[in-house]
Amino acid sequence: MPHLRKMSVLLLSCGLTYAQRNVPDSTDHKVEFVTVETGVKLEVLDWGGTGRPVVLLAGLGDDAHVFDKFAPKLTDKYHVYGITRRGFGASDTPPVIEGSYAANRLGDDVIAVLDELKLSRPVVAGHSIAGEELSSICSRYPDRVAGLIYLDAGYQYALFVATQRDWTIDGNELKRKIDAIGKATTPQEQRALVTELIKSDLPLYAEDMTVRLKRLQDIPDRPVPPEAQTKSRAFVIPSAVVAGERRYTQIRCPVLAIFADPHHIVPAVPADPKGDAEFAARDLAKVQAQSKAFESLGSNVHVVRIPDADHYVFSSNESDVLKEINAFIATLP
């Protein structure tokens, strides 16, 4: 098991812990399965309620039941639904092939559910990596939703910030451009793509790898995990989702972006005060850069910072989040 502080790097950006808490499914809701693609059905929860529809999307490693405690707190004002992403929970798990878990594919899944349920301009809220689905939807189909709520979900997979390094997303973009070179049909098209690659993407990725190597040197060696683990659904599908991340640079919808600023950082085990301080500083820089990037999008974006909140901000700071959601939705036409 990796060092707890090292694991938190992934937890803060993807949200992998809640599913491990074995929270019982104890709330009153309906369950149905919606076909979003041939052979792929997603679990959809309906907690009931009246008023504007609100759709909740879980973070990586979770299913819609992560909101079983939170969702009923919204049903006095809204009709609340939850969608379990493909590959998780009771939803179908299609094979990992090119594009099957890409960000825009996951965004299209959400649109397919909205179509099937005939939900007109709902508010869609997403936790953690669900920020990429929110940005995917709004960058391509801004008229399909009334507003978006990012629940500590506004990181690089949701809004690209050039000053923040993310070797996964930078690597994904590099792969896409290399593929584009292979598909180019004329010499001039290839020249333009190769020139861009040499000038920008390759130097950027080299810098990313230098930072990554430095971080890896701080992590002790571990045994190679058994093949059964690396081929398990719990390993393969999150990896495929991360491999499908991309850069989103515009969000053309009303937005409420809630950030844990700073995050509540669990101390390392065994104690590592220096390492904790370094990690907290990196985390703070990332959060503040991302929150400022959201603010720069314009007047239809409202950013809320909750100090010392957990990544599961809707759980650790439930009342604050509910207050902000109600205030935001009240402003929507």
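Predicted model: local features only at pLDDT ≥ 70, side-chain atom pairs only at ≥ 80, totals over all residues.
Residues are numbered from 1 along each chain as its sequence is written. Local features need pLDDT of at least 70 and side-chain atom pairs count only at pLDDT 80 or more, while totals for chains, interfaces and linings use all residues, and side-chain values use heavy atoms, with hydrogens and water left out.

**Exercise 1. Salt bridges within helices**

Determine where the partners of the salt bridges Asp109–Arg105 and Glu173–Arg176 lie, and classify each residue as buried or partly exposed.

Solution. 
- Step 1. A salt bridge is a side-chain nitrogen of Lys or Arg within 4 Å of a carboxyl oxygen of Asp or Glu. The count by this rule is 18.
- Step 2. For Asp109 and Arg105 the N to O distance is 2.7 Å. Both residues belong to helix H2, 4 residues apart, about one turn of the helix. Helices (H or I, at least four residues) and strands (E, at least two) are DSSP runs, numbered from the N terminus.
- Step 3. Buried means under 20% relative accessible area, exposed over 50%, and partly exposed in between (1.4 Å probe, protein chains only). Asp109 is therefore buried, at 3% relative accessibility, and Arg105 is buried because its value is 18%.
- Step 4. In the second pair, the closest N and O atoms of Glu173 and Arg176 are 2.9 Å apart. These residues lie in helix H4, 3 residues apart, about one turn of the helix. Glu173 is buried, with a relative accessible area of 11%, whereas Arg176, at 30%, counts as partly exposed.
- Step 5. Shared partners join Glu37, Arg86, Arg105 and Asp109 into one network of salt bridges.

**Exercise 2. The largest cavity**

Describe the volume and lining of the largest cavity.

Solution. 
- Step 1. On a 1 Å grid over the protein atoms alone, a cavity is a set of points where a 1.4 Å probe fits but cannot get out, and a pocket is an open set with protein on both sides within 12 Å along at least five of seven lines; lining residues have an atom within 4 Å of a point.
- Step 2. There is 1 cavity of 30 Å³ or more, and the largest has a volume of about 60 Å³. A volume is the space filled by probe spheres set on the points, which are joined across faces, edges and corners.
- Step 3. The lining includes Arg86, Leu106, Asp109 and Glu133. H2 gives the largest share, 3 residues.
- Step 4. By class the lining has 6 nonpolar, 1 polar and 4 charged residues. Ala, Val, Leu, Ile, Met, Phe, Trp, Tyr, Cys and Pro count as nonpolar, Asp, Glu, Lys and Arg as charged, and the others, Gly among them, as polar.

**Exercise 3. The second largest pocket**

State which residues are closest to the centre of the second largest pocket and which helix gives the largest share of its lining.

Solution. 
- Step 1. The second largest pocket has a volume of about 420 Å³. Of its 18 lining residues, Glu98, Gly99, Ala102, Arg176 and Ala243 are the closest to the centre.
- Step 2. H4 contributes the largest share, 5 residues.
- Step 3. The lining divides into 7 nonpolar, 5 polar and 6 charged residues.
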